[in-house]
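Look over the structure below.

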Amino acid sequence: MPQQIAGYSILPLSLPPVPSFPETATHYLYLQPHQPKIPSPTASRSLFLVNVPFDSTEIHIKHLLSTQIGLPAGRIEDVLFEGQRKKGSGMDEVSGPRAPQNKKSKKRKHGSNGDVIEDMESVALPSVWDRDLRTDGLTAVVLFVDRASMDAVLKAVKSSLKERRVPVWGEALEGKVPALGSARYLNHHSLTYPNKTQLLESVNNYMTAFAGKEASQARSLARQRQEADADGFVTVTRGGRTNPARQEAAQEQAEKQKEKQKGLEDFYRFQSREKRKQRAGDPNKPRPTDPDPRLDIVSSMKTVIWPRSGIPPTTQVEDLEIDPALTNFSS
Amino acid sequence: MFTLKANELFVKVRPDYEGRMVTLENCLRKLKDIIERIPDREAKPILQAEREQLDSHKVRIPFPQPRPAKDAKYTLAYSKPAEINVVGSYARRTSIVVGGQLGIDLAVTMPSHIFQEKDYLNYRYFYKRAYYLACIASGFEEAQEDEYAIDFAHQNDNHLQPIIIITPIQEGNSKTKDQIRILLAADGDLFPISKTLPNKGCIRSMAGGTSSLGSSSKRPTPYYNASLRSECSSLAYLKYLHASSLQSDGFSDACQLGSVWLRQRGLGREFGPFEWACTVALLMQGGGTKGKPILSRGYDSYQLFKATLQYLSLRDLVSSPLFVHSDDITLVHHDGPMLFDGKRGINILFKLTPWSYATLKHEAGVTIKLLNDPLSDQFDACLITRVDDLLQRFDYVVKMRTRQVPIPTSQMVDALNEETYLCHRVHKAFSTGLGDRIRLLHLETPPILPWDAAAPQESTKALYQVQVGLLLDPENFSRTVDRGPSAEDKVAAAEFRRFWGNKAELRRYKDGTIMESLIWSTSDPTDSVLKQIVAYVVRRHLGEEAVDSIELLGELYDRLLPDRKLGIKERSTSFQPFMSAFESLEKEVRAFEGLPLQIRQISAAHARLRYSSLRIPALDHSPGQMEPASICVQFEGSARWPDDITAVQRTKIAFLLKMGELLEESTNGLIARLGLENCNHKLMNIAFLDIHCPSGAVFRLRIHHERELKLLERVLKDSTQSAASREETASALSTYKRDFIQGPIHTQAIRTLSTRFPLLSPCMRLMKKWRDSHMLSTHLSDELIELLTVRTFVHPYPWSVPGSVMTGFLRTLTFVSKWDWQNEPLIVDFNGEMAGPEIEAINLCFEAWRKIDPAMNRVAIFAASNLDPSGITWTEFGPSKVVASHFTSLAKAACGMVKERGMNLEPEALFVASVADYDFVIHLDPRSTRTDRGEQRHSVFKNLHVQSDQDKSLAGFDPVQLFLGELRAMYGSNILFFRDELGGSLIAGLWNPQTGLRPWKVKLAYSTKPCVRPGDEDSQVTINETATLHDIAKLGGDMVLRIEVKRSSTRQ
């Protein structure tokens, strides 16, 4: 058994037999100091793990590195799994040092704060699983309090390999994490139907945040429209002057205009003459239509806090039947 | 297109005249020499001739029934033949080779001087002919040294015309497939045509006394006459058909098309290529009004073929016979079809019995419909597919053995032999007994095999087997009350009573009429009405011992469905309680006052709401057993919905909560619970409302917002997205289309079709059972199975619409086994309104898919319909290429089994799956699986059956499904999982072979283990199978009993 592969130390973990599969199996974990593509302040004291077991949790990793490998407790600050969002700590997102770089999409010109709402604690929907599982082959980053403890772990791993000591995965952790099997699914089934009030609260919070976001977005768009850049160009943004969907605003505008012109109607003679002519000319002139009565019904709804403004729909020209780019989905 | 394919076919079926024929030609020449060297024999009385023949030549004379009288005055003689010619399709170069067999007809014309003027009477010609044939046979036996096998046979099953069949024996004592048939012919003007017209009687009383002489001599004998005439006209027809082929260019090809068509339908026995050619030739010369031809000589082969079929299917030649080249002949007592050729004085269709004519007409009609259907593969269905398999061709097949009865003397006319007489009786009994319950009645008897010339002809068996194929009328066949003639109509009523005996009773109906009636019992569901009628009719008219031998094939398939105790009628109504629960819910929701938006539509989108779920939805099911049925609600449009897809999904939660409140207020005992799904996806629907109706039905309601489509498309077009999120958006978009657009449309369409075709529902359910029992249910969607079954009903060709579960099921399987999904799309036209451009568009779409995804990683099966031109809605998330091929090969195996075992097949055998071919099998704890899902479990104690709220909260809980879902999410790219939903406690798996040795890298989507081979610098990794199985065991926890590894890894 090699000790290293492509620069990674190999840490075998023994999987104790279970009644339904009475065979001992060995899982292989690969470790290396973290070297992210985009350097970050915490990278120097983080360890990069590859192929974490499917049932890993923070508890598991901490238990493995401290109790089983021999690092003093309390030296691990955080464990972050691939695909998991960071929880406000100063760590950067997990990305492998040599992985085909999943380039972070360029910041959008507008709405770059679009992802924020869903991450807020108050708007998150209740989770339907009691415990997340990892897909096979995933990575994780372990953040230590200092560089020394990281080095200590690497050294301990190497020495335990030499001594042919194989730590048992998840030893003495039963009961500390939610169980798997039918209990997990039963739990999931009841979590699928969350409490109504809790749910309503989260929806309301979300809607408030959404409205706020939309408003700020509209403001920033308006600013962009007005400010010229260094070359003297004004950025063309969505939602300019002509706005067919903003009926109410248009009506408001028209009303204002009317108000303004109120006293000025018969100022000139030609105005009164034209007025008379018009009256005589077409008596069946259609009356201005009433506003959509349905809008009132909608506004009577209490539970939903509607967004204040909407982005007008853009016309869709192409028909997206088959997009060649989709085919690289294949595994 | 058709013509092009036909030309290709001709090349394949045409015999290789130059190469292969040389041997046969040599053989022919040799045979001719032998025949010419046979010495003449003097005229002898019958008894002496027969004894001599048997003793010194070891050949029995194949006399027709009835045997000649011993004291007959006339004598038998042999003399050198007048002519020896090659006739038939080989001579005209239109013969076809199918299954490697080729036949050549050699006509030996007997000299006229051995016959007398009156020999056309009383079988005398045929006795002399039989003797002549025996002489030739003995001549062969003596002249050859085991070069040929010499057998007697009946020409076209006509017992009057025995022939010799010569098969060259190759080295190693095996017979070749080529045959030479030696027919006997007589000179064309041996007997005058006027004596053998169909209305003449040529069998004068033999056994009857002088008293009956007057009546029976007048009785016409069309069959006998035509047989005699056909002997005298074989050369004339050879000339006539040759002339026809010179007149019309398409004639020869049309004859070959016809031969292939007849053969694929198994029709050749009574209406063979010769009759086909004659029909075409005659129709080219007359038959229309005022003797004008029906077919033009300028037609090409396809037009001739199609027009002939059209004529056969439309014109009823029984009630309105056709006479060409002749004046009409008044016929009495005639029940067969008539196409009379006046010049040669023969009814071309004389061999057709009423049932074989009906079958011919039916097949011609189906083929004409097929040729007019733009969506079917016309050529393959018309000429390539074999449709003579009884089980697929007929809805039910009745198999029975009966004792032959001697023909009563009063019936002893027109050269009936005992078999034919029996068939006529069976036909009469069945057609009268079943009446309008059936669309077609077909009789099939075992063919009379050639027998060795030296051996005596087998004595006819005591019991004679008859197979009756029935095509049912789905509207009528399970009717329980038959109304006969009115009591006032004395003659008809007496006839009715004579046929039905004690079963007939006089009844008075609500409208005041009094009618003879038959009442069939419905008390025993396994004893269908059809079975009762068949048993009764057979007992009354064919004898007691025949009843015991009756086997009704086709019924067994009906019993395979989980509700085997129900009849067809009850089955369609058993979905009704659930349907009405949905309707009442719909009414209730529509009546809501408190919703901010009006409801535009409430639509169903679940198999249970379109009569196609395998199990009948039971309302009093035990809790926790029933998965909720999906329905969608669409509100009318409003500009107040947010313009962001995630916000739309959140808004739905608010709507659903409100609806739940309103529902619980309005109905007592109703429970509405909001649930979450797709929590990790921002773009997909996240909430649904489970509604537990007081009636026991459970629905899962989702809100459909039509703007989602535009919003998702907008997100998809955003070019700044990463590939991963594009993929997520695309899958959200197709999920949206499937759940909210296609699902409801599909459900609606299937519901409509189920009322149009009552048998569609059980067929779909049986197909689903087949899929489930072969562990394919996680891969093949319900809708795909439904589309495949619907195809059998709306494009039934080359058959007609299925009339039983058996035909529907077997034909669907046959289609699956033959469907080349890699190169062909499935296109189903639900209502027959698809036009050319639409089909063209679907084909284009299919080709586009194949072009951008030639490896079929994303879409393997393409199944489109007029409702879903995109073609991938139901197949995008499975089956993969591997599973699709597995599906095809399973169907092939099933069809092979049906073909091999034929009538003796136990239908259950088709539903037995084997787990031998999987890499590993996970055995689940049966306690945690729901094997008896949906089946009514009636508790012994009624009071235990009360449902509590706690129980309701478990509705739709299926831990195995959740387990499988997680397995697929985590290991889906490396392992294919198969679940046995019926047995319930197995999950089988197959490793993806692409997880073998490879260099190490960070993002491998499976658990790896390092492998070092000596002398190899680079360390490599491979999938860690043991650890993965261990993980699976751990994930399943208490649900997994054990994991059985069937095949150890081949990767190391």
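## A tilted tryptophan pair

B:Trp261 is buried, at a relative accessible area of 0%. Buried means under 20% relative accessible area, exposed over 50%, and partly exposed in between (1.4 Å probe, protein chains only). B:Trp276 is buried too, also at 0%. This is a predicted model; local features need pLDDT of at least 70, side-chain atom pairs count only at pLDDT 80 or more, and totals for chains, interfaces and linings use all residues. Residues are numbered from 1 along each chain as its sequence is written, chains are lettered from A and ligands numbered from 1 in the order in which they are written, and side-chain values use heavy atoms, with hydrogens and water left out.

The ring centres of B:Trp261 and B:Trp276 lie 6.2 Å apart with planes at 40°, so the pair is tilted. Rings of Phe, Tyr and Trp (its six-membered ring) pair if their centres lie within 6.5 Å; planes under 30 degrees apart count as stacked, over 60 as edge-to-face and the rest as tilted.

## A tyrosine pair

The count over all chains is 40 aromatic pairs. One is B:Tyr123 with B:Tyr224, edge-to-face at 5.3 Å centre to centre and 85° between the planes. B:Tyr123 is buried at 5%, and B:Tyr224 is buried at 0%. One aromatic cluster includes B:Tyr123, B:Tyr224 and B:Phe63.

## Charges over rings

B:Arg650 lies over the face of A:Tyr206, 4.6 Å from the ring centre. The charged end of B:Arg791 sits over the ring of B:Phe815, 3.8 Å from its centre. The rule: NZ of Lys or CZ of Arg is within 6 Å of the ring centre and within 35 degrees of the ring normal.
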